[in-house]
Amino acid sequence: HTHMKRIILLLLMATTLAAYSQKTDLSTVNTVKPNKGQKMAFETAYKAHIAKFHKADEKISVYEIISGPRAGSYHLVNGGRSFADLDKERADAAAHSMDLDKTFYPLLEETMNGTYRYMDSLSFHPDPGADKCVVTVRTIKLSLESDYRNELSRGIKTLGKLKGGFWDNLSINVFEQLWDGSEPIVVNIRNLKDGFKSLETDYYGASKPGDPTFKDEYVKLYGTADWDKRVKLLEDAVVKSEQYIMKFRKDLSSQ
């Protein structure tokens with residue numbers, strides 16, 4: 001009996017070690033914008049491409065941006081990857097590229113590519129599968145990057161102290177962009193499990209008078225002087241910021 005337990009424990013250790021040595025916290029994201037008047041043609045062509053080349057492996061999740069200057073663009077996300085996966089070449093690489101050249105690229109106005117690492121320690125009640133999200137992309141001043149991160153992790157500790165409808169339903173995934181040039185980019189995704197309607201101010205019930213606010217809890221943990229520093233830092237560290245809403249397109253994703 002104990003012997004069995006020990007074997008299970010060893011197996012568990014082996015799998016966690018394997019997981020540790022090959023972390024699958026990377027996502028490759030292609031952001032594409034179809035030509036004007038070719039949105040439906042793009043969707044039809046991409047569905048066919050996904051069915052042919054991304055059914056079993058290299059699964060793709062597609063999100064459509066529905067607000068702001070990027071509205072009408074799509075994120076094609078290949079998640080759960082490791083650095084080793086970036087070395088792998090598809091056996092059918094030539095056919096795959098040919099298919100993209102023929103059916104996909106001619107329909108696009110622009111395409112951008114980025115690799116992102118999921119930041120577990122800076123995420124809060126993460127939800128990998130939300131259908132609707134608010135995305136904030138911040139470019140951070142390099143000299144303030146580590147201060148900014150420390151401040152984010154203080155923010156997570158503070159959120160952990162807050163109770164109530166809104167706080168219990170708050171879900172944030174944080175990613176950092178890799179190889180992004182000179183300035184770090186941090187992506188904050190707020191998951192809306194109840195859809196965009198949950199953005200209404202009192203959707204989860206009004207906060208009661210006397211309920212501690214984020215600021216109250218932060219000050220309790222770190223003091224007023226640090227709160228003032230936080231406000232200033234969050235302003236100084238962010239070079240630029242963009243925000244948009246997006247929705248998951250199950251119909252265009254790997255089934």
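## Contacts along the chain

Take the contacts (heavy atoms within 4.5 Å) between residues at least 6 apart in sequence: 82% of them join residues at least 24 apart. Keep in mind that this is a predicted model, where local features need pLDDT of at least 70, side-chain atom pairs count only at pLDDT 80 or more, and totals for chains, interfaces and linings use all residues. Residues are numbered from 1 along each chain as its sequence is written, and side-chain values use heavy atoms, with hydrogens and water left out.

## Overall build

The protein has eight helices and eight strands. These are DSSP runs numbered from the N terminus: H or I over at least four residues for helices, E over at least two for strands. The C-alpha trace spans about 60 × 60 × 40 Å along its principal axes.

Of the 255 residues, 37% are buried. Here buried means under 20% relative accessible area, exposed means over 50%, and partly exposed is in between (1.4 Å probe, protein chains only).

## A salt-bridge network

The structure holds 19 salt bridges. To count, a side-chain nitrogen of Lys or Arg must be within 4 Å of a carboxyl oxygen of Asp or Glu. K39, E43, E64, R249 and D251 are linked in a network of such bridges.

K39 is partly exposed at 34% relative accessibility, whereas E43 is buried at 4%. D251 and R249 also pair up, at 2.8 Å from N to O. D251 is partly exposed, with 36% relative accessibility, while R249 is buried, with 12%.

## A bridge between two strands

E176 and R117 form another salt bridge, with their closest N and O atoms 2.7 Å apart. This pair links distant parts of the chain: E176 is in strand β6 (residues 172-178) and R117 is in strand β4 (residues 108-118), 59 residues apart. E176 is buried, at 11% relative accessible area; R117 is partly exposed, at 26%.

## A nonpolar patch

F83, L86 and W179 make a nonpolar surface patch of about 330 Å². Patch residues have over 30% relative accessible area and no salt bridge; like charges are joined within 9 Å, and nonpolar side chains (Val, Leu, Ile, Met, Phe, Trp, Tyr) within 5 Å. L86 belongs to helix α3 (residues 83-87) and is partly exposed, with a relative accessible area of 34%. Areas come from the Shrake-Rupley method with a 1.4 Å probe; for residues, only the protein chains shown count as cover.
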